[in-house]
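The stops below are given in the order in which to select them.

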Amino acid sequence: MAGSTTNISIRMDTELKAQAEELFNELGMNLTTAFNIFVRQSLREGGIPFGIKTERPNKETLAAMLEAERIAKDPAVKGYTDLDQLFADLKK
């Protein structure tokens with residue numbers, strides 16, 4: 001790579017920037033270095049170097065989650081705080 005550099009300007013939420021700077025400082029780098037790493041890795045991979053997607057449960061998973069919430073709130077369903085008791089009841 002050539003030794004010349006250029007400046008860029010990025011708009012970012014103030015709190016987000018502060019959090020990023022804190023994280024990158026813990027990793028021994030500044031925001032500029034972190035951004036350069038991101039860009040270099042993007043070029044190596046030919047795209048964003050991590051998946052960008054929304055994690056949405058499908059209908060079956062959503063139904064299971066709702067059922068679990070219902071069961072957890074149902075006072076008629078026995079709960080356990082002791083694994084030995086749970087296993088003893090499962091063996092019955």
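**Stop 1: Asp89 and its partners**

Select Asp89 first: leaving out residues up to four places away in sequence, Asp89 touches Lys78 and Tyr80, where contact means heavy atoms within 4.5 Å. Before going further, note that this is a predicted model, in which local features need pLDDT of at least 70 and side-chain atom pairs count only at pLDDT 80 or more, while totals for chains, interfaces and linings use all residues. Residues are numbered from 1 along each chain as its sequence is written, and side-chain values use heavy atoms, with hydrogens and water left out.

Asp89 is found in helix α4; helices (H or I, at least four residues) and strands (E, at least two) are DSSP runs, numbered from the N terminus. Is Asp89 buried or exposed? Asp89 is buried, with a relative accessible area of 17%. Buried stands for under 20% relative accessible area, exposed for over 50%, and partly exposed for values in between (1.4 Å probe, protein chains only).

The side chains of Asp89 and Tyr80 are joined by a polar contact of 2.5 Å. A polar contact is a pair of N or O atoms within 3.5 Å; within protein, one must be able to donate a hydrogen and the other to accept it, and residues adjacent in sequence count only if both atoms are side-chain atoms.

A salt bridge is a side-chain nitrogen of Lys or Arg within 4 Å of a carboxyl oxygen of Asp or Glu. Lys78 is exposed, at a relative accessible area of 53%.

Lys92 comes next. Lys92 forms a salt bridge with Asp89 too, and the closest N and O atoms are 3.2 Å apart. Lys92 is exposed, with 77% relative accessible area.

**Stop 2**

How many salt bridges does the count come to? The count comes to five salt bridges. One of them to select is Lys53 with Glu55, whose side chains meet at 3.5 Å, N to O. Lys53 is exposed at 63% relative accessibility, and Glu55 is exposed with a relative accessible area of 64%.

Move to Asp74, in the loop between α3 and α4. Its side chain reaches the backbone nitrogen of Ala76 at 2.8 Å. Asp74 is partly exposed, with a relative accessible area of 26%.

**Stop 3: the phenylalanine rings**

Select Phe35, Phe38 and Phe50, which form one aromatic cluster. Rings of Phe, Tyr and Trp (its six-membered ring) pair if their centres lie within 6.5 Å; planes under 30 degrees apart count as stacked, over 60 as edge-to-face and the rest as tilted. By this rule the count comes to two aromatic pairs. Phe35 and Phe38 make a tilted pair, with 6.3 Å centre to centre and 40° between the planes. The two residues Phe35 and Phe38 are three residues apart in helix α2, so they are separated by about one helical turn. Phe35 is partly exposed at 34% relative accessibility, and Phe38 is partly exposed with a relative accessible area of 28%.

The pair of Phe38 and Phe50 is tilted because the ring centres lie 6.1 Å apart and the planes are at 40°. Phe38 lies in helix α2 and Phe50 in the loop between α2 and α3 (59–73), so this pair ties together parts that are 12 residues apart in sequence.

**Stop 4: Ser42**

Stay in helix α2 and pick Ser42. Ser42 is buried, with a relative accessible area of 14%. Not counting residues up to four places away in sequence, Ser42 touches Gly47, Ile48 and Pro49.

**Stop 5: the nonpolar patch**

Switch to a surface view and select Ile8, Ile10, Met12, Leu16, Phe35, Val39 and Leu43. These residues form a nonpolar patch on the surface, with about 650 Å² of accessible area together. Patches are made of residues with over 30% relative accessible area and no salt bridge: like charges are joined within 9 Å, nonpolar side chains (Val, Leu, Ile, Met, Phe, Trp, Tyr) within 5 Å. Accessible areas come from the Shrake-Rupley method with a 1.4 Å probe, and for residues only the protein chains shown count as cover.

Which helix gives the most to the nonpolar patch? Helix α2 (residues 31–45) does, with three residues. Finish on Ile8, in the segment before α1 (14–26). Ile8 is exposed, with a relative accessible area of 55%.
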